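Please look at the model first, then read on.

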Amino acid sequence: MISSLQRRFSEAQKRVDAKAKQALFREAIYLGIQPQLFSNEH
């Protein structure tokens, strides 16, 4: 599950898609996953 978030986050970063990144953060929180585990934003 984390690898999926990492992949999608990386794709969103390449597109400079802030809305997609925000949605991924919300999804991670809903799933109980710390965003730091899949993003490089600390």
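Leu24 is in contact (heavy atoms within 4.5 Å) with Leu5, Arg8, Phe9 and Phe38, leaving aside its neighbours within four places in sequence. The model is predicted: local features need pLDDT of at least 70, side-chain atom pairs count only at pLDDT 80 or more, and totals for chains, interfaces and linings use all residues. Residues are numbered from 1 along each chain as its sequence is written, and side-chain values use heavy atoms, with hydrogens and water left out.

**Leu24**
- Leu24 sits in helix α2; helices (H or I, at least four residues) and strands (E, at least two) are DSSP runs, numbered from the N terminus.
- Leu24 is buried, at 6% relative accessibility. Buried means under 20% relative accessible area, exposed over 50%, and partly exposed in between (1.4 Å probe, protein chains only).
- From C-alpha to C-alpha, Leu24 and Gln36 are 12 Å apart in space and 12 residues apart in sequence.

**Nonpolar core**
- The largest nonpolar core has six residues: Leu5, Phe9, Leu24, Ala28, Ile33 and Phe38. Such a core is a set of buried Ala, Val, Leu, Ile, Met, Phe, Trp, Tyr and Cys residues joined through side-chain atoms within 4.5 Å.
- Helices α1 and α2 each supply at least two residues of this core.

**Aromatic pairs**
- Rings of Phe, Tyr and Trp (its six-membered ring) pair if their centres lie within 6.5 Å; planes under 30 degrees apart count as stacked, over 60 as edge-to-face and the rest as tilted.
- By this rule there are three aromatic pairs.
- The ring centres of Phe9 and Phe25 are 5.7 Å apart with planes at 50°, so this pair is tilted.
- Phe9 lies in helix α1 (residues 2-15) and Phe25 in helix α2 (residues 18-31), so the pair ties together parts 16 residues apart in sequence.
- Phe9 is buried, with a relative accessible area of 2%.
- Phe25 and Phe38 have ring centres 5.8 Å apart and planes at 40°, so this pair is tilted.
- Phe25 lies in helix α2 and Phe38 in the segment after α2, so the pair ties together parts 13 residues apart in sequence.
- Phe38 counts as buried, at 6% relative accessibility.
- Ring pairs link Phe9, Phe25 and Phe38 into a cluster.

**Whole protein**
- The protein has two helices and zero strands.
- Of its 42 residues, 26% are buried.
- The C-alpha trace spans about 25 × 20 × 15 Å along its principal axes.
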